Amino acid sequence: MNRMQGGCQCGQVRYEISAEPVALYACHCRDCQYQSGSAFGMSLIVPGASFHLRGGTLKTFETSTASGRTKHCAFCPECGVRIYNTTGSHKSIKAGTLDERGGLAPQAHYWTGRKQPWVVLPDGVPCFAQDGSGERAPSF
Ligand SMILES: [Zn+2]
Ligand SMILES: [Zn+2]
């Protein structure tokens, strides 16, 4: 496979993903609205060990998920762009930071109960009013 690559807005941070992504979600929760400064976030779920920082440094902070787990959030300390969040063995890459974004279409939408009213959800794509189902919920 071609390794997916990406980086932050100012160019300081560069990264590479060395495994096939597990999933791509859109999330309409309040946290994703904050982090994107927009209506929803896009999360590319990858095995944590497949994320390789190739340039620059990341800064992290911690927050809590709705289910009470600790979420580590990594961002560029220069321009503030969020690169990924992680709550465990996988990383949730902020898909808008990828170099190649054309083929990205979310397989599911989460927290649609909080979506902006003008966002029209596509037919045939699973939608969840909250984050899915308990422990199996993806981590954004
Ligand atoms: Zn930056
Ligand atoms: Zn979210």
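The charged end of K91 sits over the ring of Y84, 4.9 Å from its centre; that label needs NZ of Lys or CZ of Arg within 6 Å of the ring centre and within 35 degrees of the ring normal. R30 lies over the face of Y34 in the model, 3.8 Å from the ring centre. Keep in mind that this is a predicted model, where local features need pLDDT of at least 70, side-chain atom pairs count only at pLDDT 80 or more, and totals for chains, interfaces and linings use all residues. Residues are numbered from 1 along each chain as its sequence is written, chains are lettered from A and ligands numbered from 1 in the order in which they are written, and side-chain values use heavy atoms, with hydrogens and water left out.

Back to Y84: it forms one aromatic cluster with Y15 and F51. The whole structure has five aromatic pairs (Phe, Tyr or Trp rings, the six-membered one for Trp, with centres within 6.5 Å; planes under 30 degrees apart are stacked, over 60 edge-to-face, the rest tilted). Y110 and F128 make a stacked pair, 4.7 Å centre to centre with 10° between the planes. Y110 is buried at 7% relative accessibility, while F128 is partly exposed at 32% (buried is under 20% relative accessible area, exposed over 50%, partly exposed in between, with a 1.4 Å probe and protein chains only).

Now for the metal. The zinc ion (ligand 2) has C27, C29 and C32 as protein donors, each through SG, at 2.2 to 2.3 Å (donors are N, O and S atoms within 2.8 Å of the metal, or 3.2 Å for Na, K and Ca; water is not among the atoms, so sites may look incomplete). Their spacing in sequence is C-x1-C-x2-C. C27 and C32 are buried, and C29 counts as buried because its relative accessible area is 9%.
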